[in-house]
Amino acid sequence: MARGRGRTGRDEPNFDVPEGRVASPGSLDLRLSRDDRAGGGVAAKRGTGGQAQRGRGGAVPPGRRSAPAPRKATKRRGSFLARLTYACVVLGLWAVIGLAGLVAYHASQLPPIDQLAVPKRPPNIAILASDGSLLANRGETGGRVVGIKELPPYLPRAFVAIEDRRFYSHLGVDPVGIARAVAQNLTRRGVAQGGSTLTQQLAKNLFLTPERSASRKIQEAILALWLEHKYSKDEILELYLNRVYFGAGAYGVEAAAQRYFGKPAKSVSLAEAAMLGGLVQAPSRLAPNRNLPAAQARAAQVLAAMQDLGFAKPQDVKVALAQPARPASSRGGGSANYVADLVMDVLDDYVPKFDTDIVVQTTVDTGLQAAAEKALVDELNAKGGRYNVGQGALVSMRPDGAIRALIGGRDYAQSQFNRATTAKRQPGSSFKPFVYLAAVERGATPDTVREDAPIRIGNWQPENYSHQYEGAVTLRNALALSLNTVAVRLGQEVGPKAVVQTAQRLGITSPLQANGSIALGTSEVTPLEMVGAYGAFANGGTGVIPYVVTSVKSTDGKPLYKRGEGGLGRVIEPNAVGMMNAMMHETFVIGTAKKGDIPGWDLAGKTGTSQDFRDAWFIGYSGNLVTGVWLGNDDGEPTKKASGGNLPVEIWKTYMTVALKGQAPVPLPGMNRWRKAPEPTATVAAAGGPVGGILGTILGETQPAPPPRQQTSQRQRGPSQDDRNFLEKLFGLGE
């Protein structure tokens, strides 16, 4: 005790105990207040009455500050808004950075901007008729490029009104349009509108695939901004109008106008322009030739949008709504496409390479083309079922080989196979003129007599169509009546090889079998070949090569090809031409084409029917037009006795009556010299008696006696062993 009171060492801290007082063990408070802690100043925990917790006994310990009063609620709320604003700014910055990175990534997948270029549009081939009117377009686009200045103002405006009404104010991407589309889609609970601008649609068509993805949309927006930087608004709209797809294989507004309305884009009406503008949303669903009510309803929406934007006057819109557009019926039922296909088949021979639009001038007459198709289709519709004939073809050309009409089938939409140029069928008796010509070139004349009687070559015994025989008969009448035995005899006299060579000299290019049955047309040929070969009879003996193209030019008029003089030169001597024309003229006078005669015209020709009535032919001509008709079935199924003398002759006459109308009759070369003289009332048959059988029935009188030098037939030559082997497989043929 004494040591404690009298110590002189250092003093220990007394922890705020007042001087002179000794703290009792229970009175010392060592707890820290909130102000003593790091981060002090924060409001103390609430106690009774909202005051800070006090020391023991409710009094504030000595030396301690009073706890601060709680902050007001408005300050706390302001602090929350500040923090929220700060967070939004940070998130926004990160979003911008992320978007920039995303755009940069997708931009890196595109070619460098300095290397970007609008890809060339695939070239269009415009195929024109002889009068300059459009027959068809070929190529990937289906129509030529048109400038926006060529079009009526309401046509491009129709697209702006319905597809992108802010086209002239945005920079390629339209945020307002996107927001409007999103709002529409949300309120309508489905995809009601798209947010793409015309520029974005063009970018997609030019550079991108049609896939639907966020990546493609980003690239689309990037490319749209580039297009807006590179081109003016009118240039962009012109590119769009020439590239957008309208359905039915039509790319571009020109192709669509021709496809649906049969007229150039510069000639469409306001109603037609509105229908075209509405088509691009859904070409397959809204095509007027497939769904006219839907196309007209969509066009009405376009017209309303045009009026709302001031693109069309109310009175004009009223007229367009009262007279909505309708698709034009295809001219000739689409038969001009057979001509176009032929042009495309031969175009490489004239212009091997081209990378711009070209114009091909042809020899085809649109009036004759339509008349030919009508004659063929009407006849098949009326009688095709009765005769079991499903298909047909018609070729009509000038004697110099210029094709004036070509029908490759009954309906191009149903079958694009061109039977006029590609189908090879047995010509039957329409091949006989080559046999008779070979005989004439070896000394025979129209008045030469041959025996119409049964003939056997090995195991083959050909028969006449009527199964009757006329005995001695002139070649004139034998050809007119299409007597098979006489043709076979002549073929054996001159030899099958001579017959083949004669046909080839006149322009037949298909392979021909040099055997006995060639006289009856058993080797297959095309209608185009046959008509071309008959051209030599019509023009006086010059061989022709059928042609359809006269010139090819670029769209700016630069000549790329022009047809010169052509042909095969003289292939028949004038005297032989006259004899052949005289004999084939009798086909219209007493023969199998008698009902095809057209008064006032010198006509000649030959019918043909193949074995079992599978093919029916007639090829006839005047001095200025050669026309051939083929009928049959694609699968070779026999018809119900359709022969060259019935349906083909009827089609031929219907067409030729139209084709020759208004023209001055042209005499057949050399025919008058060999024309059959008027017959006396009392005549004697060549064999010394009256003519019987079918010949006597058709003539209605007896046959005049031929000159003595022609009474004896030449001795028949026997067939070769090859002929015998082949002919054993054949039996009686038709005409």
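Keep in mind that the model is predicted. The sheet is open and built from five strands, while the helix pairs are α9 with α11 and α15 with α20.

**The sheet**
- Reading across it, the strands go β2-β1-β3-β9-β10, with mixed pairing.
- β2 (134-138) and β10 (559-562) sit at the edges, so to speak: each of them pairs on one side only.
- On average, neighbouring strands are turned by 15° against each other, direction ignored.
- Inside the sheet, β3 (residues 358-362) and β9 (residues 549-554) run antiparallel and are joined by five bridges.
- Val360 has Val552 of β9 as its bridge partner.

**Helices α9 and α11**
- The axes of α9 (residues 270-279) and α11 (residues 292-308) come within 8 Å and cross at roughly 105°.
- With angles of 65 to 115 degrees counting as roughly perpendicular, that makes α9 roughly perpendicular to α11.
- α9 brings Leu270, Ala274, Met275, Gly277 and Gly278 to the contact, and the residues from α11 include Leu292, Ala295, Arg298 and Met306.
- Sorted by type, the contact residues come out as nine nonpolar, three polar and one charged.

**Helices α15 and α20**
- Here the axes of α15 (residues 432-440) and α20 (residues 574-589) come within 10 Å, crossing at roughly 135°.
- The two helices are therefore oblique to each other, and α15 passes α20 in a right-handed crossing.
- Pro433, Tyr436, Leu437 and Val440 of α15 meet Ala576, Met579, Met580, Met583 and Met584 of α20.
- That contact has nine nonpolar residues, no polar and no charged.

Methods:
Residues are numbered from 1 along each chain as its sequence is written. This is a predicted model: local features need pLDDT of at least 70, side-chain atom pairs count only at pLDDT 80 or more; totals for chains, interfaces and linings use all residues. Side-chain values use heavy atoms; hydrogens and water are left out. Axes are lines fitted to C-alpha atoms, for helices over the stretch in contact, and angles run from 0 to 180 degrees between N-to-C directions. Helices (H or I, at least four residues) and strands (E, at least two) are DSSP runs, numbered from the N terminus. Angles under 35 degrees count as roughly parallel, over 145 as roughly antiparallel, 65 to 115 as roughly perpendicular and the rest as oblique. Contact means heavy atoms within 4.5 Å. Ala, Val, Leu, Ile, Met, Phe, Trp, Tyr, Cys and Pro count as nonpolar, Asp, Glu, Lys and Arg as charged, and the others, Gly among them, as polar. Two strands pair if DSSP finds at least two bridges between them. A crossing is left-handed if the near helix is turned anticlockwise from the far one by less than a right angle, and right-handed if clockwise.
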